[in-house]
Amino acid sequence: ILESAIKRSPGDATELIYVENREATARFAENIIHQNMDSTDTRVIVRLVKDARVAVSSTNDLTDSGLDKMLADAAQIAVLLEPDSTFPGMATPASTKAVSAFFDATANSSPESRADAIAAIAKQAKSNGLEASGLYQTEAQSIAVVNSDGVRQWHSETRGEFSVSTSDDPTLGQGWSVGASRDMGRIDAVRLGGIAIEKAVR
């Protein structure tokens with residue numbers, strides 16, 4: 001997609017950034033899940049240089065016509081701008097080191113697995129006369145960068161977080177625990193819930 005689009009750019013220099021982001025969130029309060037959301041967003045961002053004028057535009061339409069419109073919009077914006085004498089130019093190719101930051105356990109976390117963990121915590125909290133509230137969130141993101149000076153880079157990563165507070169009074173956070181990791185396979189949400197409950201009943 002990016003390789004084809006950059007060849008059609010009307011700019012003197014062009015940078016295209018592809019961003020794909022998926023975020024899943026389960027929020028709970030008073031031992032009940034009240035929000036379960038899963039969203040995906042994919043977009044391309046362009047930075048276009050024309051006659052020393054630097055313009056930016058973006059689109060969620062990844063068809064050829066959608067990308068061409070984005071490029072045309074950026075070119076039209078550039079005409080309206082003053083030349084930028086401080087612009088250092090596009091990045092040039094450089095050696096990079098691959099970073100292991102993507103974990104399937106996070107990327108493939110399901111609504112059912114999040115709900116099961118929260119249900120187990122809520123059951124334990126209720127049996128201790130407590131109310132549990134918190135957040136279970138995962139995110140997976142991929143980014144690609146292509147520019148007219150030869151840069152070709154790609155990176156994918158995941159991250160997740162689980163936090164819980166427990167109390168016998170909804171206005172007070174008497175027990176609290178949190179875990180965060182790129183690999184949610186290393187985070188035991190039920191164990192963290194147990195820690196929050198233990199703190200609350202001390």
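A crossing of two helices is left-handed if the near helix is turned anticlockwise from the far one by less than a right angle, and right-handed if clockwise. Helices (H or I, at least four residues) and strands (E, at least two) are DSSP runs, numbered from the N terminus.

This tour goes through a predicted model, in which local features need pLDDT of at least 70 and side-chain atom pairs count only at pLDDT 80 or more, while totals for chains, interfaces and linings use all residues. Residues are numbered from 1 along each chain as its sequence is written, and side-chain values use heavy atoms, with hydrogens and water left out.

**The sheet as a whole**

Begin by selecting the strands: 6 of them form an open sheet in the order E3-E2-E1-E4-E5-E6, and the pairing is antiparallel; two strands pair if DSSP finds at least two bridges between them. At the edges stand strand E3 (53-59) and strand E6 (175-181), each with a single partner strand, so one side of each has no neighbour in the sheet. From one strand to the next the twist averages 15 degrees, where axes are lines fitted to C-alpha atoms, for helices over the stretch in contact, and angles run from 0 to 180 degrees between N-to-C directions.

Helix H2 (residues 64-79) packs on this sheet and touches E1, strand E2 (32-50) and E3, its direction making about 150 degrees with that of E3; contact means heavy atoms within 4.5 Å. Helix H5 lies across E4, E5 and E6, and runs at about 155 degrees to E6.

**Strand E4 and its partners**

Select strand E4 (residues 131-147) next, where 12 of the 17 residues are buried, buried meaning under 20% relative accessible area, exposed over 50% and partly exposed in between (1.4 Å probe, protein chains only). Strand E1 (residues 13-29) is joined to E4 by 14 bridges, and the two run antiparallel; to see one of the pairs, show Glu15, whose bridge partner in E4 is Asn147.

With strand E5 (residues 152-167), E4 pairs in the antiparallel sense over 16 bridges, and Val145 can be followed to its bridge partner in E5, Gln153. E4 and E5 form a hairpin with 4 residues between them, and in the turn Gly150 has a positive phi of about 100 degrees.

Move on to E5 and E6, which pair in the antiparallel sense over 7 bridges. Val164 gives a way across the strands, as Gly134 stands opposite Val164 in E5, and Val164 in turn stands opposite Ser177 in E6. Ser165 stands opposite Trp176 in E6.

Which residues surround Ser163, leaving aside its neighbours within four places in sequence? Ser163 lies in strand E5 and is buried, with a relative accessible area of 13%; with those neighbours left aside, Ser163 is in contact with Phe28, Ser133, Gly134, Leu135, Trp176, Ser177 and Val178.

**Two helices side by side**

Now show helix H4 (residues 111-127) and helix H5 (residues 189-201), which pack at an angle of about 25 degrees with their axes 9 Å apart. That makes H4 roughly parallel to H5, since angles under 35 degrees count as roughly parallel, over 145 as roughly antiparallel, 65 to 115 as roughly perpendicular and the rest as oblique. Their crossing is right-handed.

On the H4 side the contact is made by Ala117, Ala120, Ile121, Gln124 and Ala125, and on the H5 side by Ala189, Val190, Gly193, Gly194 and Ile197. The residues of this contact divide into 7 nonpolar, 3 polar and no charged, where Ala, Val, Leu, Ile, Met, Phe, Trp, Tyr, Cys and Pro count as nonpolar, Asp, Glu, Lys and Arg as charged, and the others, Gly among them, as polar.

Most residues other than glycine have a negative phi. Glu30 has a positive phi of about 55 degrees although it is not a glycine, and Asn31, not a glycine either, has a positive phi of about 70 degrees.
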